[in-house]
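Thanks for coming. I will go through a few residues and then the cores. Please have the sequence and the model open.

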Amino acid sequence: MTCTIDSTHDPNLRSWVNSANQADTDFPIQNLPFGVFQERGRSETPHIGVAIGDQILDLVACQKLGLLEELPEALKAACCASTLNSLMALGKTASLRLRHHLSQLLRVGQAPDSRILVSMSDAQLLLPATIGDYTDFYASIFHATTVGKLFRPDNPLLPNYKYVPIAYHGRASSIVPTGTSIKRPYGQQKQANSSTPTFAPSQMLDYELEVGCFVGRGNELGDTISIDQAEDHLFGLCLVNDWSARDIQAWEYQPLGPFLSKSFATTISPWIVTMEALAPFRGSAFARSVDDPPILPYLTSSTNQSTGGIQIRLEVMLSSARMRQEKIAPLRLSQSKFQHMYWTAAQMLTHHASNGCNLRPGDLFASGTVSGNEAGTQGCLLELTQRGAQPIVLPSGEMRSFLVEGDEVTLQGYCEEEGYIKIGMGKCQGIVAGT
């Protein structure tokens, strides 16, 4: 079910790309995440690349120079596509073989070749895949409980939460790559002291810190995916900011859940860290209370319980326009851990397909806000400011209940484990623009 640790995770491996050997890089040779890029100022079709230090390994250039000749024809063709969907569709055997091939190509001992590298500073990072469908879960029991208390103090957690991974179907067309400006949305809102709603720009714009899971090999319509096979259908993970308009959400969400309060924009990080790269950073699933109900059999697996957790440390940084003008460093708003989610990625995928719903290569599902139960671990302003009642003071002296124009939100994530090289997920950034 889960990927195994092998020679590509050897902490002693070094790359001939010098920047990949620096201690602070997100992209050492042990990581090798996939993305799609286009060189700035050129109109060529986008290429698939692999992040290595501050460089991008261009797989199209590798193919032209005959460096992928050992690979099967289907895998070579997938490496030369303009999105990752074809590579995702080939499944685990192909992605593992490619990982080993690229690890050999980039390690010390191979002849350095600058023709296959593009500096990240010269590249525009694009969406890594054509995302056919997007689903957003609600997998943090701490987030669900804290938010529930704001709206239902006497009954914060609804009775189905501990039985079913809750989710809603999001909007794939408004998923944007990191660095895209976010336009403040208009929508219907109803103030507590008003009898009727108004249509106006949202005044309660928020971010949500989430982890995204890209589907690899899909399933046919009508087929299900067992919990022990679920990770065979996962290609890798990225960071997700599910921008949210809380005032629009509060008015529209009953009885069918979020709609226009979420569909205006979702930002993802550009690099997909594969499940193979994450092998050293696996751990047990969330430890449920002994008073919690048993998990239904289709979501139960001893393997998932012992290794279904993924040890990703996450953080949110905020920088206002004034802070950048005064050269004040971004403020870290929170830190949390992905392993604290009530439902694992495998359980979310299995539940998604449990009614015969077909998942396709490149489909994206996100975890929902990753929050802990301690101060400073909340993954959105709704929780951190108690729906605006307790504003945050920025280093510039400004106050924030929710986001204002010019605010830049940056999500970051990394994995570390004793005996292995730390790997990162890159950055997921967005700046709030006007209406």
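Tyr163 counts as partly exposed because its relative accessibility is 41%; buried means under 20% relative accessible area, exposed over 50%, and partly exposed is in between, with a 1.4 Å probe and protein chains only. This is a predicted model, where local features need pLDDT of at least 70 and side-chain atom pairs count only at pLDDT 80 or more, while totals for chains, interfaces and linings use all residues. Residues are numbered from 1 along each chain as its sequence is written, and side-chain values use heavy atoms, leaving out hydrogens and water.

Tyr163 sits in the loop between α5 (141-151) and β7 (167-169). Helices (H or I, at least four residues) and strands (E, at least two) are DSSP runs, numbered from the N terminus.

Next, Ser319, in strand β20. Ser319 has 3% relative accessibility, so it counts as buried. Beyond its neighbours within four places in sequence, Ser319 is in contact (heavy atoms within 4.5 Å) with Arg324, Pro330, Gly406, Asp407 and Glu408.

Now the cores. A nonpolar core is a set of buried Ala, Val, Leu, Ile, Met, Phe, Trp, Tyr and Cys residues joined through side-chain atoms within 4.5 Å. Which members of the largest one touch the most other members? They are Tyr207, Leu237 and Leu403, out of 67 residues. Elements giving two or more residues to this core include α5, β20 (313-319) and β26 (423-433). A second, separate core has 43 residues, among them Trp16 and Ile268.

Back to Tyr207: leaving aside neighbours within four places in sequence, its contacts include Trp243, Arg246, Cys380 and Leu403.
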